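Student: Hi! I have a new protein open on my screen and I'd like to walk through it with you. Can we start with the pocket?

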Amino acid sequence: MIEELNNIWEEGSEEERELLALTLQSIRQRRERKSVFLSGFLGLQGRFLDDRTYSFEVPITTFMKNSTGAVHGGILATLIDSTMGSLINRSLPPDKYAVTTELKVNYLRPALGESLRTEATFLHRGQTLVVMDTSIYDDRNKRVAHGTGTFIVLDKKAK
């Protein structure tokens, strides 16, 4: 495997080297932050804009693109789900967590450029069900996708 990795690094295309670098980023982020590998591949680093709004800013990488050069719709859906999930889970007490029960995505225009920004906010916050809203913007501040999701709040099991 090491020989194959060296061969890709030495003789592979720029895209192949970018994918290897993203793989290392994903492993590093998982080790440092205990995040899922996909978060590392996407370069997810979020922040609160206010107490009801969470945002990710991510570079558009080779990993994200479809055959037309735009960001793949599944990646956009993942960004929407991840932003909402980060907002709700960071706002819950330590003995609770939330998971997606429903996700709706509207694709508005191709996601092109150098980076994307997501913004998630609460639409309804009940004790058990939480409904959220997210938009994704390109680096020209054009909305490329919009999504809503419902999350169920659950109790963490004692270990």
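Student: Which helices and strands supply at least two residues of the lining of the largest pocket?
Tutor: Those are α2 (14-33), α3 (37-42), β2 and α4. Helices (H or I, at least four residues) and strands (E, at least two) are DSSP runs, numbered from the N terminus. A pocket, on a 1 Å grid over the protein atoms alone, is an open set of points where a 1.4 Å probe fits, with protein on both sides within 12 Å along at least five of seven lines, and lining residues have an atom within 4 Å of a point.

Student: Before I go on, what sort of model is this?
Tutor: This is a predicted model, where local features need pLDDT of at least 70, side-chain atom pairs count only at pLDDT 80 or more, and totals for chains, interfaces and linings use all residues. Residues are numbered from 1 along each chain as its sequence is written, and side-chain values use heavy atoms, with hydrogens and water left out.

Student: Okay, back to the pocket. Which element gives the largest share of the lining?
Tutor: That is α4, with 6 residues.

Student: And how much space lies in the largest pocket?
Tutor: About 500 Å³, where a volume is the space filled by probe spheres set on the grid points, which are joined across faces, edges and corners. The pocket has 17 lining residues, and S35, V36, S39, S86 and R90 are the closest to its centre.

Student: What about Q29, is it buried or exposed?
Tutor: Q29 is buried, with a relative accessible area of 6%. Buried means under 20% relative accessible area, exposed over 50%, and partly exposed in between (1.4 Å probe, protein chains only). You'll find Q29 in helix α2. Leaving aside neighbours within four places in sequence, Q29 is in contact (heavy atoms within 4.5 Å) with K34, S35, S39, G40 and L44.

Student: New topic: how many residues are in the largest nonpolar core?
Tutor: It has 30 residues, and those with the most contacts inside it include M64, V71 and L79. A nonpolar core is a set of buried Ala, Val, Leu, Ile, Met, Phe, Trp, Tyr and Cys residues joined through side-chain atoms within 4.5 Å. The largest share of this core comes from α4, with 8 residues.

Student: What does V71 touch, leaving aside its neighbours within four places in sequence?
Tutor: V71 is in contact with I60, M64, K65, N66, L76, A111 and L116.

Student: How many aromatic pairs are there?
Tutor: There are 2. Rings of Phe, Tyr and Trp (its six-membered ring) pair if their centres lie within 6.5 Å, and planes under 30 degrees apart count as stacked, over 60 as edge-to-face and the rest as tilted. F48 and Y54 are edge-to-face, 5.0 Å centre to centre with 75 degrees between the planes. Y54 and F56 are also edge-to-face, at 5.5 Å and 85 degrees.

Student: Last one: how many helices and strands does the chain have?
Tutor: The chain has 4 helices and 6 strands, and along the sequence they follow the pattern α-α-α-β-β-α-β-β-β-β.
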